[in-house]
Amino acid sequence: MLDTFIIPLLKIVVLLNAILISVTFMVLMERKVIAWAQSRLGPMRVGPYGVLQAIVDPIKLILKEDITPVKADKMLFSLAPILSLVPALVAFAVVPFGGDELFYVADINVGLLFFLSVTSIGVYGIILAGWASNSKYPLLASLRASAQLISYEIAVTMTLVSLILTAGTLSMVGIVEAQLTDGVWYGFVQPVAFVLVLIGGLAETNRVPFDLPEAETELTGGFHTEYSGMRFSLFFLAEYANIIVISAVTAILFFGGWLRPFPNVEALAFLDLIPGWIWLFSKIFLFLYLFMWIRATLPRYRYDQLMRIGWKLLIPIALANIVVTGIVKVLV
Amino acid sequence: MATQSAPIFDTDELVINMGPQHPSTHGVLRLVLKLDGERVVDCDTVMGYVHRGIEKLSENRDWTQIILLTDRMDYVAAATNNLGYCETVEKLLEVEVPRRARYIRTILAELQRIGSHCLWLGTHAMDIGAMTVLLYAFRERELVLDLFEEYCGARLTYNSMRIGGLPLDIPSGWDRKVREFCDVMEGKLPEYEELLTNNRIWLERTRGVGVISARDAIGLGLCGPPLRGSGVYRDVRKDEPYAAYDEFDFEIPLGTRGDTYDRYLIRLEEFRQSIRIIRQALDGLPEGPIMGKVPRLLKPKAGETYHAIESPKGELGYFIVSDGRATNPYRFRVRPPSFCNLQGLKPLIVGHLVADVVCLIGTIDIVLGEVDR
């Protein structure tokens, strides 16, 4: 009873709260990072250096009027934000924040597969949001989104096949342990795969330079144009939760998760004094910062260019990477 | 079996209304787009949302009162509008403007060009998704506005010129500040270029987008950077010099392909040429009066005149008719560059994707206040 229900439930409660709170602070971080990149100060009014902005933002969004357009499909319109948020949160179930059983909700032997399948459900939320709004701009955006997410998911999944070949397991915990046994982060073994997953991750989370589904300057906000209040913020929660989960998974798969740098070098053993979850969190932060940095720097791709990159560049490279990995695996 | 040409599903064009309230139509421009998928097959440009009847109003105003109405046309480049109007009336009155006033006018006009191009660069890049450039460009535009504020007290609608000269001489130390600004601006241009010029995404978004041939550009009556982007050598500053432009040494950048990227490069080069002109003007700034000999009561002889200047957006012309009796123009008509360049929007847009529409609105650099007047 205790082991099967209560402890996992407690973990889930803690994890969900941690995610939701970190999302609000991540929005603040994004505003600050981009502000500094643009020689501004960012939010400064609420609390010292605007720290409390992270709390004020959600309160504002909750208090806003929740409007459902008259011509919208009421049921789907309410369902869409939920459908896009829940998979993003469920994906955290298989993300291990440390080697000990205390640090993950579940270590299933097909963890990576579970992660990929759950995150791909999120696209339904976006498609339905655009469709149910019964408005032209969201419709265009949701068409873009579905095409984009599906094609980039293929690229990312194929890339991860080569990583699975290297690690020999689909379990998230197993992949990190394999990196410990091999004594190297897989980012150095599979640099091509790492770059592909990073690009695919940007595209899947609708971040610049692939933020076409919500291209503000073209489609006036994209699929969530008609949303307001809490439902709108659910989309935002989903987007940021997705960014965190993608960063976490990239850190786990390619940067050794909770392992210290150079896990095979004995001379650096003193680094083990720092707990594993701190290592993982700092790696996640690095990726989050990278995502924001990219957003502050790059313009946006066009729809056809995006599809061309996905199908003509990423997928062939991913396939070639699988072949090369397979050959090396057989020979070595 | 179905024949190959018959579509399996019904296809229909999607009519989408872009504007007048849209984040990147640069004001209250409205485009009715017919889309086939994401491709634009037809485009209808609707304007007139900020029509204030400035031309008709001017026909009932004193000659000097009109100056501040011209501020409200291209509110991004108010000083250039003042300059165009004042020179036209001076031509009508046959008034000689002192050399010092002409020099200062040139400096103001070129500062204004830098300010206007800053706004264009920022919004154009923002439309394509590079939002940092917007903040960088506005940071420098702020410096231009500060200089104008110090000169005439206003930051947007300057009312900075008078018929026959200038209302004010430059404040002491102002020329030094302008020089400092030129140095700062020269240092900031590489920053913009680093973010955009060789950026692969920027190149992909602007290269080959909105190509217009020189013949078509002339046919559509385009002017300014969109015309020069197609390789047509036409700049009023060179062809029919006004103010003090004939005394300065500067170049007119020309494009070769006539695409959005060329127009971008041209405007960036115009920043540099403007800085060059300002420096020369400050070096050779003559002493003397700032106001010519203008009669107390302005009553030009009966007649009509057209005078054009090169505003940041293109050829800005004023056509004024005086009946010789009244203290107001009999007919007042503006040839606004934004309006003429807007003609080129439809041929540029058709055949491109929705994402390119905002990029092309940005590249022709329109100000709706000037389009509608």
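This is a predicted model: local features need pLDDT of at least 70, side-chain atom pairs count only at pLDDT 80 or more; totals for chains, interfaces and linings use all residues.
**View 1. Where chain A meets chain B.** Here, 23 residues of chain A are in contact with 26 residues of chain B. On the chain A side, the elements that give two or more residues are α5 (136-167), α9 (216-219), α11 (276-297) and α12 (303-331). Sort that side of chain A by class and you get ten nonpolar, six polar and seven charged residues.

**View 2. Helices α3 and α4 of chain B crossing.** Two packed helices are described by the angle between their axes and the distance between the axes. For α3 (residues 78-93) and α4 (residues 99-128) of chain B, the axes come within 8 Å and cross at roughly 140°. That makes α3(B) oblique to α4(B), because an angle has to be over 145 degrees to count as roughly antiparallel. The crossing is left-handed. Look for B:Ala79, B:Thr80 and B:Leu83 in α3(B), which meet B:Arg105, B:Leu108, B:Ala109 and B:Gln112 in α4(B). By class, the residues of this contact are four nonpolar, two polar and one charged.

**View 3. The loop with B:Asn159.** Most residues other than glycine have a negative phi. B:Asn159 isn't a glycine, yet its phi is positive, at about 50°. You'll find B:Asn159 in the loop between α5 (131-152) and α6 (174-196) of chain B. B:Asn159 has 18 other C-beta atoms within 10 Å, so it is partly exposed.

**View 4. The loop with B:Ala243.** B:Ala243 is not a glycine either, but has a positive phi of about 45°. Its spot is the loop between α10 (236-239) and α11 (260-283) of chain B. B:Ala243 counts as buried because it has 23 C-beta neighbours inside 10 Å, and 20 or more are needed for that label.

Note on methods:
Residues are numbered from 1 along each chain as its sequence is written. Chains are lettered from A and ligands numbered from 1 in the order in which they are written. Two residues are in contact if their C-beta atoms, placed from the backbone, lie within 7 Å. Helices (H or I, at least four residues) and strands (E, at least two) are DSSP runs, numbered from the N terminus. Ala, Val, Leu, Ile, Met, Phe, Trp, Tyr, Cys and Pro count as nonpolar, Asp, Glu, Lys and Arg as charged, and the others, Gly among them, as polar. A residue is buried if 20 or more other C-beta atoms lie within 10 Å of its own, exposed if 12 or fewer, and partly exposed in between; C-beta atoms are placed from the backbone. Axes are lines fitted to C-alpha atoms, for helices over the stretch in contact, and angles run from 0 to 180 degrees between N-to-C directions. Angles under 35 degrees count as roughly parallel, over 145 as roughly antiparallel, 65 to 115 as roughly perpendicular and the rest as oblique. A crossing is left-handed if the near helix is turned anticlockwise from the far one by less than a right angle, and right-handed if clockwise.
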